[in-house]
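Please look over the model below.

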Amino acid sequence: MAQETPAFRRIVRGARPGAGGLFWRMVRRRRITGVGAALIFAAVAGAAAAPLLTPYDPVALNVPDRLLGPGRAHPFGTDEFGRDILSRTLYGARLSLLVGALVTLLATGAGIVVGLASGASPRADRVLMRIMDGIMAFPDVLLAIGLMASLGPSVRNVILSLGFVYTPRIARVVRAAVLVVVRQEYVEAARAVGASGARILARHVLINCASPVIVQATFITAYAMLGEAALSFLGVGVPPTIPTWGGIISAGQVYLRQAAWISIFPGMAIILSVLALNLLGDGLRDFLDPRLRHA
Amino acid sequence: MLPYLTGRLLALVPVLLVVAVVVFLLIHLTPGDPARVLLGQDATPEQVQTLRHALGLDRPLVAQFVLWLGRALRGDLGLSFFQHVPVTGDILQHSTPTIMLSLMAISVALLIGIPAGVISAIFRNSWLDQGSLALAMLGAAVPSFWLGLSLIVLFAVNLGWLPSSGYRAPAEGLGVSLRYLLLPALALGLPNSSLIIRFTRSSLLDVVANDYIRTARAKGVGERTVIFHHALRNALVPILTVVGLTFAALMGGAVVTETVFSLPGIGQLVVSSVLRRDYPVIQGVILMVATLYVLINLLVDLLYFLIDPRVKY
């Protein structure tokens, strides 16, 4: 466009801050959101840099060092096979975060499709929302357990099961937002200038559903990480050969009397991660929901 | 009331039908043939064929579903693959510990959640409020199984006050039974009090903003009476909904908590059945719990009618 001079762009940039500017604005509204974001960053960095942070192999057996309490060499102690709990917790973070992220991606993708279809067509809505209500009638963990029983224990199946369980939560949010957005004048305007249905959905409706979806997705990541931990703890989730937080806690259960640290530390990792995601979700909701913004 | 009730009951039909379809399909999601999975790799094709026929797996899917649903509606959930006993009886046998645990856990959640929420609202923005909300935040992040293990370490291993695991039937003495259930109920109830804390707080704050509270204060009613007599009674009505929702979380959480404390409840039944791939039991438990959850939420909605005379359907 002709008027996009550097000065114009500067003004536009000032009026609409980038992602970083928005983030700081959000943190200033509620400082604890910054703590949540920092904790998530730390978890991701710790998981990524696990081999640099710890000299121990998370799976190799080292029986002479078995059941050592927390100390200088092993800050979180060792388990019954002499494996370093800190290393196992850090490598467990990789899996937990991976499952959390992929479940969220799957549930969000599927939820957006279902929600858009529901919001766009009353006929589809009647059928789809009954199905979503039906899925939501199951306690999360119980349905996930049932699905895992059929699919068999593996990382992929944990992601599929939890993704299925959490899809209705996104679908409902998207549907509710679509029903509001399609009545707005800018959608009517877009239709009047001849925009196609697909273009309206993508450019106008979907963009304006983004806020509630982002907020809900943050909470779903937290649920998914708790769900994965519960499934792995019960022995129906990720196979025990892969270190996971739930799996480490479960293995430590036998040694609760002599070596409680095996179960205690990975549990704290779960608590901190879920807490961080919930703090971030609350902060995002506060920041993105215009009804709350002026309250 | 009657048209409302009929409408609500009719609305349940599609939801329960979806529940039934999902539960029915669980066995058909298995990669490969369930009969083959059950018999193992050494089975001859004839054996597999016989079992497929015995389980009805050789019929069309829709016919299988209709047959299964018809039996389920009559309370027949089939026979356990593993123990060859009726699933319905098996579930009923395991239900007492789960019911006891759920009731105790919801009591814990309410006994902590409502006072903490009330204190939070009365002393809004004070350190008491901040503390309650922090507790709620923490509660939502703690996995009940980890909390259970931590409670065992603290109260059973170190202090020796309570038994670390196991179950005593109420018939053996209610006191003993409750002692065994106390730690599991805390492990399950504490995380579930978060939602109740937050809901009580916001509900009470909403009510306090009403004109009749201002009127009560203006006519000189003491603050204590205003809060407990006028405000809290009204604030508690919407909390019923949360109790209904919490029940679902409890049933899911009970599965995990029972495993931690070796309680012979429905949760343990379902987990051991998953490990043995005993599909009829898994299906039966999940179907029963989901149905119960739907019915409890209906009951909660109907309770509004009894509790709050302003509610008219």
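## One tryptophan at the chain contact

B:Trp146 touches A:Ile249, A:Gly267 and A:Ile270, leaving aside residues up to four places away in sequence. Contact means that the C-beta atoms of two residues, placed from the backbone, lie within 7 Å. B:Trp146 sits in helix H7 of chain B. Helices (H or I, at least four residues) and strands (E, at least two) are DSSP runs, numbered from the N terminus.

B:Trp146 counts as buried because it has 26 C-beta neighbours inside 10 Å. The cut-offs are these: buried takes 20 or more other C-beta atoms within 10 Å of the residue's own, exposed takes 12 or fewer, and partly exposed lies in between, with C-beta atoms placed from the backbone. B:Gln93 is 53 residues away from B:Trp146 along the chain, and their C-alpha atoms are separated by 27 Å.

## Basis of the model

This is a predicted model: local features need pLDDT of at least 70, side-chain atom pairs count only at pLDDT 80 or more, and totals for chains, interfaces and linings use all residues. Residues are numbered from 1 along each chain as its sequence is written, while chains are lettered from A and ligands numbered from 1 in the order in which they are written.

## Where chain B meets chain A

The contact takes 39 residues from chain A and 41 residues from chain B. Which helices of chain B each supply at least two residues of the side that touches chain A? They are H1, H6 (127–141), H7 (144–158), H10 (223–261), H11 (266–276) and H12 (279–307).

By class, that side of chain B has 36 nonpolar, four polar and one charged residues. Here Ala, Val, Leu, Ile, Met, Phe, Trp, Tyr, Cys and Pro count as nonpolar, Asp, Glu, Lys and Arg as charged, and the others, Gly among them, as polar.

## Chain B overall

Chain B has twelve helices and zero strands. Its C-alpha trace spans about 85 × 60 × 35 Å along the principal axes. Of its 313 residues, 38% count as buried. Among contacts in chain B between residues at least 6 apart in sequence, 71% join residues at least 24 apart.

## Two domains in chain B

Chain B is divided into domain 1 (18–76) and domain 2 (95–307). These bounds come from an automatic or database domain assignment. The C-alpha centres of the two domains of chain B lie 37 Å apart.

Nine residues of domain 1 of chain B are in contact with eight residues of domain 2 of chain B. Helices H1 (2–26) and H2 (34–39) of chain B each supply at least two residues of the domain 1 side. H1(B) gives the most, with four residues. That side of domain 1 holds nine nonpolar, no polar and no charged residues.

## Record annotations

UniProt, in an unreviewed entry, places "domain: ABC transmembrane type-1" at residues 95–304 of chain B. Positions are given in the numbering used here, feature names are shortened, and annotations may be inferred rather than shown by experiment. Residues 95–304 of chain B are 84% helix and 0% strand, with end C-alpha atoms 28 Å apart.

The unreviewed UniProt entry also marks "transmembrane region" spans in chain B, including 9–29 and 177–197. Residues 9–29 of chain B are 86% helix and 0% strand, and their end C-alpha atoms are 30 Å apart. Residues 177–197 of chain B are 100% helix and 0% strand, and their end C-alpha atoms lie 28 Å apart.
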